[in-house]
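Good morning, everyone. Please take a look at the structure on the screen. I'll walk you through a few spots in it.

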Amino acid sequence: MNATLPTAEDLRAALAGLLDGLPPKQAAQAVERLIANYRGTTPTDAPVLRDRSDVAAYAAYRMPATFEAVRAALAAFREAAPDWVPVTHTDIGGGTGAASWAVAGTWEGPRTTVLDWAEPALALGRELAERSGVPALRAAEWRRARIGAGQELAPTDLITVSYVLKELTADVRAALVDTAAAAAQAVVVVEPGTPDGYARIIEARDRLIAAGLKVAAPCPHSEACPIEPGTDWCHFSARVSRSSLHRQVKGGSLPYEDEKFSYVVATRFGTEPVSARVTRKPQIRKGQVLLDLCTRDEALRRATVTKRHGELYRAARDVAWGDEWPPGQDT
Ligand SMILES: C[S@@+](CC[C@H](N)C(=O)[O-])C[C@H]1O[C@@H](n2cnc3c(N)ncnc32)[C@H](O)[C@@H]1O
């Protein structure tokens with residue numbers, strides 16, 4: 001390790017051995033208990049991640065996926081603001097630090113503060129950061145804090161809120177987004193790519209815009225989302241290598257899984273959002289590619305790119321779900 005910008009490989013290496021010592025069956029049971037807790041009633045009044053085994057199970061099982069989701073959101077943000085570099089970063093509900101790893105993997109050296117109410121999560125996050133060998137992660141501050149009424153946030157360049165909104169009541173969610181909007185130059189919110197995850201993202205997006213921020217990604221504009229509520233949900237997909245623990249818990253032998261996520265990035269400074277983004281997996285047919293797009297000028301539309309389009313057709317065969325369309329252009 002010891003790279004300046006940590007990769008998914010580095011994270012896997014830091015996570016390796018986390019559940020060592022626990023017999024495989026017990027490790028799988030710890031993960032299953034955690035999943036059941038997360039499926040149960042959240043928000044809760046007390047942390048779901050209560051002890052070291054909960055937290056180790058969370059980190060081993062979920063952290064690679066939430067890391068990849070945040071990394072994809074940050075990649076889209078960077079495309080919209082290639083010259084912007086955060087100097088300070090606050091990771092709210094940062095847990096074991098997945099979003100902080102993604103931030104450290106995107107920009108060199110931001111000073112990170114991780115806030116969470118679960119002390120065991122912070123302790124493990126600190127340990128993993130130490131193992132990363134990455135100076136920015138090793139220097140991160142891990143601080144116990146409860147998200148809730150009256151929470152104050154010090155001014156910071158970047159705030160990440162990754163897979164946290166689901167755990168909060170509607171009032172606390174709204175207050176958190178408003179506080180983040182007032183404290184930061186840029187706010188990145190990531191949620192599971194489910195209809196209700198998307199609904200929370202739209203709610204956050206509306207509040208960020210109302211607070212005077214503009215959307216940098218994934219949307220091509222800061223107007224209302226063109227998706228009619230209840231008909232569809234905007235989400236993306238990030239590929240995550242599966243560890244042996246994943247395979248054990250979920251069964252099957254695929255070496256990867258796809259993490260579906262929804263996100264919004266909003267900033268106080270000007271950015272260049274894409275003019276159109278691919279919002280579903282492209283469908284490649286004989287001699288043509290069908291692209292579902294969210295566009296700046298024509299809302300949602302389907303583009304059919306055929307061999308007759310030459311260069312554009314070749315680009316369409318390579319473009320991925322979540323990418324800008326056409327690639328590298330602002331037309
Ligand atoms: C699903 S985990 C996500 C962790 C991390 N952000 C990630 O992306 O992997 C949710 C985190 O939010 C924290 N959390 C939930 N409610 C909270 C609250 N009211 N105050 C502080 N932290 C909270 C939990 O302790 C947990 O670490």
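**A helix, a ligand, a threonine and some cysteines**

Let's begin with helix H4. The buried residues of H4 are Ala 98, Ala 99, Ser 100, Trp 101, Ala 102, Val 103, Ala 104 and Thr 106. Buried means under 20% relative accessible area, exposed means over 50%, and partly exposed is in between, with a 1.4 Å probe and protein chains only. Helices (H or I, at least four residues) and strands (E, at least two) are DSSP runs, numbered from the N terminus. H4 covers residues 98-106, and eight of its nine residues are buried, so the helix is largely enclosed by the rest of the structure.

A word on the source. This is a predicted model: local features need pLDDT of at least 70, side-chain atom pairs count only at pLDDT 80 or more, and totals for chains, interfaces and linings use all residues. Residues are numbered from 1 along each chain as its sequence is written, and side-chain values use heavy atoms, leaving out hydrogens and water.

Now the ligand. How many residues surround it? There are 19, and the closest are Tyr 58, Gly 93, Asp 116, Ile 147 and Ser 162. Near means that a heavy atom of the residue lies within 4 Å of the molecule. By class, this shell has 11 nonpolar, five polar and three charged residues. Ala, Val, Leu, Ile, Met, Phe, Trp, Tyr, Cys and Pro count as nonpolar, Asp, Glu, Lys and Arg as charged, and the others, Gly among them, as polar.

Look at the ligand's oxygen atoms. A polar side-chain atom of Tyr 58 lies 2.7 Å from one. For Ser 162, the distance from a polar side-chain atom to a ligand oxygen is 2.5 Å.

Next, Thr 90. Where does it sit? Thr 90 is in strand S1, residues 88-92. Thr 90 is buried, with a relative accessible area of 10%. Leaving aside neighbours within four places in sequence, its contacts (heavy atoms within 4.5 Å) include Thr 113, Leu 115 and Leu 158.

Last, the cysteines. A disulfide is a covalent bond between the sulfur atoms of two cysteines. Here the cut-off is a pair of cysteine sulfur atoms within 2.5 Å. The structure holds zero disulfides. Cys 225 is partly exposed, at 25% relative accessible area. Cys 294 is buried, at 11%.

Terms used: A polar contact is a pair of N or O atoms within 3.5 Å; within protein, one must be able to donate a hydrogen and the other to accept it, and residues adjacent in sequence count only if both atoms are side-chain atoms.
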